[in-house]
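Here are my notes on the model, as promised. Have it open while you read.

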Amino acid sequence: MGIAVGIDLGTSNSVVAVMRDGKSVVLADEEGRKIHPSVVAFGYGHSVVVGQRARQQLAYAPENTVYSAKRLIGRRADSEEVDRVRRMVGWGVATGPNGDARIRVQGKVYAVQEIAAHILSHMKKIAEQATGEVVDAAVITVPAYFNDQQRQATRDAATIAGLNCLRIINEPTAAALAYGFGQGRRQHVAVYDLGGGTFDISILRLDDDLFEVISTSGDTFLGGDDFDGVIADHLMAQLTHQAGVDLSGSAAARNKLREAAERAKRALSEVEAVAVKVPGLGRDAQGNPIGLQTRLDQHTVQRLIMPLIQRSFVVCDDALNQAGLTPRQIDEVLLVGGMTRYPLIAEAVGHYFGRSPNTHLNPDEVVAQGAAVQAHNLTSFSETPGAVLLDVTPQTLGIRTVGGFVEAIIPRNTPIPTQEAKTFHTAHDNQTEVRIQVFQGESRMAADNELLGDFVLGDLEPMERGKVKVKVNFAIDADGIVKVTAQDLHTGNNVDMLIEACSNLSADEVQEMKFDDLGF
Ligand code: AMP
C-alpha cells in the first residue's frame, strides 16, 4: 500500500506535500527544489522531460516545450480562451475528436490530460524519492472557478499518471485548510489567489475544524502570464521603436520577451528598477542582429498592470456580494499564488479589505500543504475527527430552454455535494426521444456558457404528448463533478443517455493513455 500526498497542479508551477507527524511538509527534489515548473519538454524520439530541465528548453525550442497547458484543460478548441493561448505559446493547438483542445508537438497530438499526467507523474516521483515510499494516491487542487469539464479532465490526468485521485479540492479552500487546521479559529477568511494563469477569490467561515466556503468567484484568464503579457507587449513596442522592425509575428522573439518580462517582474518585486537586455531576437533587413536594451521601473510596471489588478477587485466585489459581507467584515486575508509576491498586489489587496494580508504563509506552498492535510484526513483512521470541508459549486448549472435561454437548475455557490431533479414531458405524440443540453456558466443565453453535454434520452415508449414523463437528476459531487441520470416515470426504468458534444475523454481513451509502470 502506498501513501497519499497533496499536489498543487499549477499553471506555472507545481508543488507536492505530505503530512508528517501532524505537520504538512512540502517535499523537495534531489537538488532541494520545492517548486517545479509545470513545463513538459519533448526531445528526440518523443522523449519527455518535466520541471526545471524542461523549462530550460523553453528558450531554444519553444515549439517543443509545453507550458501553461492547464489553460487548455477541459476546454473546447473553438473557445475564445483557447484562441488566446494559441496566440501566446510556441507549440501548436489542435482539435481533438470531441472538439477538445489538444496539443501538437513534433507532429504528434497529445490530449491536455496527458501533458498534465506527465507533470503529476513527475510530482509522484519527487514524492517517492523524498519519502522512500510508494505514492499511489493524491488530493489534487484546482482553481475554485474550474467547471465540471476542467475538474473531470484533471481527474483523468491523475488516472493516466497512475494516481488514485482521492479528491479534487479548490486551491483557495486548500489554503484556508493549511492556515486554519487544528488552530481552533472562528473567523471569516478571504483567500485571494492570483497564480500564473487564474484568479480566484473564496470567502470562508472557519469554525474550529469546520471549513465552510460561503462564496467563490474567479476569472480563469487572469494570472501572472497576463501580467507578463502586458509587460512583454510594452517591451515589444520599445523594440519596434528602437530597431524599426516589427517582430511581433515571431514566436521565438515573443517568447524571449515574455521570459524577460517575467524575470523583470520578479526582480521588480524587490528593487525599484531593472535593466532589460535581450539579445538575438532576430535580424534586420541588412542581416544585422536585433536585440533589446532598455530599463523598466516599478512606476511603469504599475501603470501597465493596474488594470489587471482592478479586474481582480471586480471579482472580489462579486464574491463578497454573494456572501452578503463587506470587505471590512473579513477577519483575515490570505494571499495565494506566486503573483501575490509582487508587493504592489499585496498593498492593493490590503487597501481593498482595509487590513493587511497575512504574511506568515508561503503563497507558493500553502495550497499543496492544504491538499496534504485533506489527503491525510481522507486516508487516516484516527479517534479525533479531521477537518470538515464544505465547498460550493462555482458556476450555475442549467439547461437550455426555448429561445436559447438557460433555465438554472443548481445556482452557483450552492453547497456541494448536491442534487436537483426535474421532470420533462414529451411535447409531441409518439415522441421517443428527449434532448437535454446541460450548460455551466452565468449567462442567461446558453450560447455564452460552457456546454457540458448534449444528452439524448432515447427509447421512450411512443405515447400521446405529455404522457411520457422523464425525471432527470442533476448531481454535483464533492469534487464539483456533474453527473446527470434519468428515469422514465411511467416504467420506472433508467433511461439510457447518449452524451454528445462533450469535450472530455472517454473512459477507454483514458485507459489507452495510461502510462505503464515503467513511467514514460
Ligand atoms: P503560481 O501559478 O502560483 O506558481 O504563480 C506563478 C506566477 O507568479 C508567475 O506568473 C510568476 O511570474 C509569478 N511570481 C512568482 N514569484 C514572483 C515574484 N517574486 N514577483 C512577482 N511575480 C512572481
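1. Which atom of the ligand is 3.4 Å from an N or O atom in the side chain of Arg266? A nitrogen atom, by the computed distance. That makes a polar contact (a pair of N or O atoms within 3.5 Å). Taken alone, the ligand exposes 500 Å², and the protein buries 89% of that (Shrake-Rupley areas, 1.4 Å probe).

2. Before going on, the ground rules: this is a predicted model, where local features need pLDDT of at least 70 and side-chain atom pairs count only at pLDDT 80 or more, while totals for chains, interfaces and linings use all residues. Residues are numbered from 1 along each chain as its sequence is written, and side-chain values use heavy atoms, with hydrogens and water left out.

3. For Glu262, a polar side-chain atom lies 2.4 Å from a ligand oxygen; for Lys265, a side-chain N or O atom is 2.8 Å from an oxygen atom of the ligand.

4. The shell holds 14 residues, and those that come nearest are Gly196, Glu262, Lys265, Gly338 and Met339 (near: a heavy atom within 4 Å). It divides into 2 nonpolar, 8 polar and 4 charged residues, with Gly counted as polar. Helix H7 (residues 251-267) gives the most, 3 residues (helices are DSSP runs of H or I, at least four residues; strands are E, at least two).

5. Domain 1 (3-222 + 313-391) and domain 2 (224-303) both contribute to that shell, so the ligand lies between them. The bounds come from an automatic or database assignment.

6. Two backbone spots to check. Ile416 and Pro417 are joined by a cis peptide bond, omega about 0°, and Pro417 is in the loop between strands E22 (415-416) and E23 (418-425). Gln106, a residue other than glycine, has a positive phi near 50°; its loop runs between strands E9 (101-105) and E10 (108-111).

Methods
A polar contact is a pair of N or O atoms within 3.5 Å; within protein, one must be able to donate a hydrogen and the other to accept it, and residues adjacent in sequence count only if both atoms are side-chain atoms.
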